[in-house]
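Here are some notes for a first look at this structure. Please keep the model open while reading.

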Amino acid sequence: MKCRKCKAQAEIPLPSHNTAFCRECFSAFFTGQVEKAIRRHHMIEPGERVLVALSGGKDSLSLMLELARLGHDVTGLHVDLGIPASSPAARAKVQGFCQRHGLDLRVVELEKEGLPIPDVKRYVNRPVCSACGKIKRHWFNRVALTEGFQVLATGHNLDDEVARLFANTLRWDASYLSDQGPCLPAENGFARKIKPLYRLTEYETACYAFLNGIDIHAAPCPYSGKASFTGHKRLWADLEHTSPGAKIAFYDGFLKNGRPAFARLEQEAGLPLAPCARCGSPTSAEICGVCRLALTVAERRAADPSLQSGGHAG
Ligand code: SF4
Ligand code: ZN
């Protein structure tokens, strides 16, 4: 098969675009999709500082590299979840990557913040992934605001976005549907949130990471067994196979026709936000959800009889 652009030997087939590219033209295609996303949704204005959430996986590291190559002022943020089986390895990959490319990095350690994920799993009565997601979003936003970043970028790709949109649509969850999109404006104490990889599939991001020699953290989180969306992603892979381009058509169609209607509904129902009395993050209650989690964990740790003799309870 020949490269669509330069007719050299193609190395990377792209079924969803009914085409294939050589290495150089694939890189140009990848950059073009990121630039298109940024331009179309006014994601980054000239001179703005961008904080990039780095988990150590292929998506976040590819995003960081590409934004840096495009000349944006980027700093990475890694949240060390404090999971002994996976967090040290993930952190090492992120630190190694940033060092290699000369990129700035901030690290938040949940152990130091009193909220390591194993304790959340043990002491908080809710699905660990939902609490973990909430804690990570809280820290991304908090660091962005306290350190003067106007933009917060995450590595969500097209497959992530379509799977999430599909799940929200199956439930007709108006609140989540109004809040989904590749660029959420800064408001109510939240930094602007952007997803510049939203036009690229998981496969395309994996190709980019591989071609650029990015050393990624690929081991799954030990708590990921019940991670949602896996089934939906499989379903969409089948659909994409029979109808190439179905994913981006579904997502673009939502942005054009569905989202504006849900955004209107949400505006009418929105609650006023004020700073959390404990950490200053915006919340509709006196104390934000993450501070409430931290207080619950501290209380239950202190009362945990299995920690009394070990001296960890504090
Ligand atoms: Fe957090 Fe769940 Fe992801 Fe593990 S799988 S990092 S617990 S959200
Ligand atoms: Zn708080």
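1. Start with H42. This is a predicted model. H42 sits in the loop between helix 1 (23-40) and strand 3 (49-53). Its phi is positive, about 50°, although H42 is not a glycine. Is H42 buried or exposed? H42 counts as exposed, because it has 11 C-beta neighbours inside 10 Å and the cut-off for exposed is 12 or fewer.

2. W172 is not a glycine, yet its phi is positive, about 45°. The residue is found in the loop between helix 6 (158-170) and helix 7 (174-178). W172 has 9 other C-beta atoms within 10 Å, so it is exposed.

3. Now the chain as a whole. It has 12 helices and 10 strands. The C-alpha atoms fill a box of roughly 70 × 45 × 40 Å along the principal axes. How does the radius of gyration agree with that of a compact globule? For 314 residues, such a globule would have a value near 20 Å; the chain has 21 Å, which agrees.

4. Burial and contacts come next. Buried residues make up 35% of the 314 residues in the chain. Take the contacts with a separation of 6 or more: 69% of them join residues 24 or more positions apart.

5. Turn to helix 2 (residues 58-69). How many of its 12 residues are buried? The count is 10, so helix 2 is largely enclosed by the rest of the structure. The buried residues are K58, D59, S60, L61, S62, L63, M64, L65, E66 and L67. Charged side chains are on that list: K58, D59 and E66 are among the buried residues.

6. What covers the buried residues of helix 2? The cover includes helix 1, strand 3, strand 4 (73-80), helix 3 (87-101), strand 6 (151-153) and helix 8 (202-211). The length of helix 2 also checks out. At 1.5 Å a residue, its 12 residues should span 16 Å, and the end C-alpha atoms are 16 Å apart, which agrees. Just after helix 2, G71 takes a positive phi of about 90°.

7. Helix 11 (residues 289-302) has 14 residues. At 1.5 Å a residue they should span 20 Å, and the end C-alpha atoms are 20 Å apart, which agrees. In this helix, V290, C291, L293 and A294 are buried. Viewed down the axis of helix 11, its buried residues fall within an arc of 155°, so they line one face of the helix. An α-helix has 3.6 residues a turn, so residues three or four places apart point the same way.

8. Against what does that face pack? The buried residues of helix 11 pack against helix 4 (117-123) and helix 5.

9. Which residues are closest to ligand 1? They are C129, C132, C221, Y223 and S224, out of 10 residues that surround ligand 1. By class, the shell has eight nonpolar and two polar residues, and no charged ones.

10. One last stop is G258, in helix 10 (residues 246-269). G258 counts as partly exposed, because it has 17 C-beta neighbours inside 10 Å. Along the chain, G258 and S281 are 23 residues apart; their C-alpha atoms are separated by 30 Å.

Note on methods
Residues are numbered from 1 along each chain as its sequence is written. Chains are lettered from A and ligands numbered from 1 in the order in which they are written. This is a predicted model: local features need pLDDT of at least 70, side-chain atom pairs count only at pLDDT 80 or more; totals for chains, interfaces and linings use all residues. Helices (H or I, at least four residues) and strands (E, at least two) are DSSP runs, numbered from the N terminus. The radius of gyration is taken over C-alpha atoms; the globule rule is 2.2 Å times the number of residues to the power 0.38. A residue is buried if 20 or more other C-beta atoms lie within 10 Å of its own, exposed if 12 or fewer, and partly exposed in between; C-beta atoms are placed from the backbone. Two residues are in contact if their C-beta atoms, placed from the backbone, lie within 7 Å. A residue is near a molecule or strand if its C-beta atom, placed from the backbone, lies within 6 Å of it. The expected span of a helix is 1.5 Å times one less than its number of residues. The arc is that of the directions from the helix axis to the C-beta atoms.
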